Amino acid sequence: MKLTRRNFLAWAGLGAVGAVACEGFGIRRGELDIQSSVRLPEDLVRGSDNWYASLCRTCPSCEGIVIRVMEGRAKKIQGNPYYPTNQGKTHARCEAGLQALYHPDRIPTPMRRSGPRGSGEFLPINWQPNGMDSLRSALQANGSSSVMITEPLRGHMALLADRFVAAIGGERLGFEAIDNNTFRTAVKNVFQQDSLPDFDLENSKFILSFGADFLSTWVSPTRFNRGFGEFRQGAGRGRGMFYQIDSRFSMTAANADKWLPVRPGWEGYLALSLAQVIVSENLQARGVDVDSLVGGAPGIQTLNNFRPEIVVPLAGLTPEMTGGDPVNFLKSLARSFAANRPSVAIGGGSAGAQSNGLFNLEAIYALNFLVGSVGKKGGVKFNPASPWADVPNASTAGSLEDWARVTDQIRSGKTKLLLLHGADPVHGLPDSLQLRDAIAQANDLFVVSFSPFLDDTSVMADLILPDRVYLEDWGDDISEPGPGYQVVGFQQPVVNPLFDLDPLSFPDVLLTMAQELGKESDLPWANFKAMLREGSDALFNLNRGSIEASSADEFWNNLLRRGGWWDELRNGPTSVRPADGLLRTIAEKASSPVFDGFGIGADSFYLVPFAHNTLLDGYNGHLPWLQAAPDPLSTVTWQTWVELNDTTAKSMGVKEGDILRLTSSKDSIRAVAYPTPAVPPDTVSVPFGQGRKHGSEYATDRSGSESSNVMDILETTLVKDTGSLAWAGTRVRVSKTGESISISKLEGDVRAVEIGLTPGEEIIKTIAPENA
Amino acid sequence: MVTQRIDHKWGMVVDLDRCTGCQACVVACQAENNIPINTKSFYQQRRAYHWIRIERYWEGEFPNVKAKFIPIMCQHCENAPCEPVCPVFATYHNDEGMNVQVYNRCIGTRYCSVNCPYTVRMFNFWDPKWPKSLRNQLNPDVTIRTRGIMEKCSFCVQRLRRGEVNVERRGIEPLTGERIPAADRKLNYRQMKEGNYLPACVQACPTNALQFADQNDNTGPVKEYFDEANEQIETRHQGGHVDEAHTRVYRLFEEIGTKPNVIYLKKVEPFPLDKA
C-alpha cells in the first residue's frame, strides 16, 4: 500500500482505537509475569467443567451420582449430594463406571456369530438392515417361545421390558447370581411388605446383624455405610453398639464390636434363643403384645425349645468365643439388645443362603417386633408404593428352580429364543446346572445378546446388538431400598459414545421392534426418552415432591438437573401388625441346615462363599480398577483366594500362596491359599466374581489357578420355600496341589498385627517380628 | 508469585471409628489423580500405586480376633523427613501446610521414599500405560507422571486450586454463581463441599471417616481436632502429661516429630482384646 497522508491518518486512528480497546478488554495483571518454576501444573487450572446428575448402575442398589464432564469426556463420578439414599457418597464400584464407558473391550458394532456357538467367532454387521432384520425375524418366528433374561429391573425399564415380553408372548426373568429372593420372602412373610425395607442405622443404638455383609456388598452398602458412620460417631448421640453373628469374618464383622462365629445355618436358632430370653424375662418394648406375637402358652412352650442352653451346642458356641459361659453370653446379649433401644436386627447373606435360610431370616426379622423397632426411628423402615401406579418399585429375580426350568426348556427345544441384557447366567449359576451345555447344544435356539461386553453368556450368542452404557443413555430407577419415602432417580446421557462405537439403546431397540411388529398399542412411545418424559409429566401433575416448576418442561429440566424426584411426606407404613402367633409359626418351621454332597464329616469343610467387595458376583469383573482394589480383609487383588484358619493351614502344611484344590461332589476348583486368624477352623471361604472364561482380558487373562469361579463347585441345594440357591450350603474337601504362586496383594510379606499405641521402637519390632 | 494467595493451612482428620475399610477412597483417588492401573504384577512386585491405601491389622487369634482398618496417605508433615534429603528440591513444603512434589524437578533418586516413615511415596519404575480409549477418562487437571518420577498424595491440590481460582480470585459462589464481595473471598468449608473442591477421597468416603478443611476454618470439621492436637504437642513440649485414655486424637508416629497435617481419631473399643 502506498503511504499517503490519508492512509497514515487512517492507520494512526485505528491503532489508537485498538490500543484503547485492548486496554478495555484488560490483559489481567499477572498474565505477563514470569512463572515460577516451582509451581506445579496443578496450579494452572484452566478450562471449565460441567457436572451432570445421573444414576449409578455398577451394582443393583441404585445410587445418585454426578458426573464431571470436560470437553465432551466424562472425567469423574461422585455421589449426588441431593440424592436421598447415598447423600453425596459413593462405593468404590460407582467410580468405575468411567471404565465401563471407555473400556477398550467394548463391542463396537452389532455382530453375528461366524463360528461354532461359544467359539467367540463373530463378524461385524450393520444395525440396518442386518442387525434389526435378524432380531425382527427372530421375534416374529419365536417371540412366543422366548425368554428374556435381564438384570433385576425397576422403574420404566421394568415396565417396558415386561410389556414387550407380554406383547410378544414371551417370559422375562431377572437374574442375580446372589439373589435377594429369600430376604424378600422373609420381609413379605414377617412384615407383609413387597419392597425391601431400609434400616435406620443412623438413629439406632444397637445393631444385631446375622450374616449380612451390609457394609460391603449386601443390598445397599453405600446407604448403610452412611448411616453406620453416624451410628458410630454422629453428633449429638452416643456411640452405637454392634454385634455381628456370622459364619464368616466379613468386612462388616470386622467393624462389629463383637463378632460371634456361628456354625453355618444355625442363625435362626440363635435369633429364636434371643427371643426366648426376651419373652421369658419380659424385656420386650412397652406396648408390644407378646401374647399375640408368641401365640399364647403353646407359643411360649414352642419357644422354650430354643432356650440358650439348647441352642448353644447346636450353634457351635464355645466359652472361648463368648469370653465365658455361652449361655450367659446369649442371655446378656438379649438383654442388651432389648435395653438399648432403638435397636435393629438385620439378617441376610449366608444366613439366608442355607436350606433353612427362610426360617433363619424370618426368625431374625421377627426380633424387631419384640424391641418395637418395626417402622420406627432407628429400626426397620418401610418404603411406600411407587409414585406411578403401573411402574414397579421392586425388582424380581428368578430362583434356582426357575433357572433349572429355563435350562430344561432350552434343552427340550421349548425355548427357541433367548434375549440377554445385563445378565451373565452361564457364569453366575452353578456349573452343575449345565446351562452352557444346554445353550451350546440347542440347535433350534437363537440367542440375542444386548451386552456391550463379551461375557460367558454373550459369547454363546448368535447375534450381538451392543447396548449403550449407562453414562450414554436415558433411564430411571426407583431406589430399593428407598430411604422410607418415595424416591425416583433419573439417568441421562452425559456424553456421546466415542466415534468408533456404534451402540444403540436397548429400550429404544425394543420400542422400534414393538412398532415394527405392530405392537404400538402396548408400547406407544417413539423412544425411551419419550416414555420417561411421560413419567416426568405424571410426576409434575402430582403437584408435590422436591421439584418446583411452573410447567412440565421446567419440571423435566429441574428433574434432570437434580437427578431425581422425591417426596419426604410420602412415607412407607410406620406400623405393621405382626401376624398372630408369628414367633410360634416361625419356630414351628425350624429345621437344621442340610448339606448335600459330602454331608457333615471330619474330612470336609464348610464352604462359605461371599460376594467380592468390588466385583460382587463377577458383574464388574471386566473393570480394572475394581479388579485392582484390594479386598478389605485379605488385601488380595486380581486372584481367587481361599481363606482358611492359619492353625488349620499349619496342620495341613499349607502356607500363603499355595494352590489348593477345593472339591465338592459336583466339581473342583483351584485357588490361592490365604491363611488368616479370622476363619473358624472347620470353614473355608472363597469370593465369588472371578473365573470368567470369555470377554475382557481384565477378567480372563489369569490361569485357572489364579482365577476360578466358586459357583462351579456349589451343590444345587435349594432354600426351602423360595427355591433359591443355598449358596452357603456346600461342604468341600481341601487338598494341596503342590504348586505355589506369588499372591497378588497389598499387604507385605509379614503379617501386619495391631499393637495399639506403643512407642515407636516397639512398633517397628512388632511389624517384623523375625527381624526384631 | 503470580498472585498473592490467601493464607490457608489444610488438614485432614481420619476417624478410625467410622472407617469401615470399604475402599471407596482408594478407587476415588485412582480416578481423580490419573494413577496407573495397578496390575497383578505391580502387586506381586510390591510396586502398586496407592496415594491412599487401607492397611488392615489383625489382632488376636480365633475366635477372639479383630481386624482394624487404617487409611494411610501422605501425612503432609510439617517436619517432613522427605524434604531435606531431596537433592534437587523436588519435594518442598508450601505455604499452605502441604508437602508438594514438583515433578519436573524430580530426578528419581528415591531418597525421599527411603526417608518417609509412612511409605506413602510411589516411584514410577516405568511409564504409565492405559489402553487408548481409557485415556479419555484422564483428569486434565492432573499431570501424568512419567518414568523416573516420584509421586504421592497431593491433597488433591488441583481441586483446591480450582476452588481458590473460582472463589478467591474470581469471586464466584459455587452453587449460585453469585458474585462474592471482595472482602469475603476466602474459600470456606461450605464452598469446598458445594463446589466439589474437597479431596476425592474425602468426597467419596461413605461413612464420613475422612474430613478435610482449613485448620483455622471455624466452620469446618477439623479445627477442633487440630486445636486439641496442637495443645497436646504444647503440653508434651512443656513436659506435661497427656491423658491418652481421654482423647481419641493422635498423629501417626507422633514420637518421631514429623508433625503431620493429618490427624487420626482412635477407634473406640468397648471389648478390647487382652494383648498380654
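Me: Which crossing does H6(A) make as it passes H15(A), left-handed or right-handed?

Reply: This is a predicted model, in which local features need pLDDT of at least 70, side-chain atom pairs count only at pLDDT 80 or more, and totals for chains, interfaces and linings use all residues. Residues are numbered from 1 along each chain as its sequence is written, and chains are lettered from A and ligands numbered from 1 in the order in which they are written. A crossing is left-handed if the near helix is turned anticlockwise from the far one by less than a right angle, and right-handed if clockwise. The passage of H6(A) by H15(A) is right-handed.

Me: At what angle do helix H6 and helix H15 of chain A pack?

Reply: Helices here are DSSP runs of H or I with at least four residues, and strands are E runs of at least two, numbered from the N terminus. Axes are lines fitted to C-alpha atoms, for helices over the stretch in contact, and angles run from 0 to 180 degrees between N-to-C directions. For H6 (residues 181-191) and H15 (residues 357-370) of chain A, the axes are 9 Å apart and the angle is about 45°.

Me: Which strands stand at the edges of the open sheet of chain A?

Reply: Three strands of chain A form this sheet in the order E1-E2-E3, with antiparallel pairing; two strands pair if DSSP finds at least two bridges between them. Six bridges join E2 (residues 64-70) to E3(A). Each edge strand has a single partner, so one side of it lacks a neighbour in the sheet; these strands are E1 (50-55) and E3 (73-79) of chain A.

Me: Which residue in E3(A) stands opposite A:Ile65?

Reply: The strands E2 and E3 of chain A run antiparallel. Opposite A:Ile65 stands A:Gly79.
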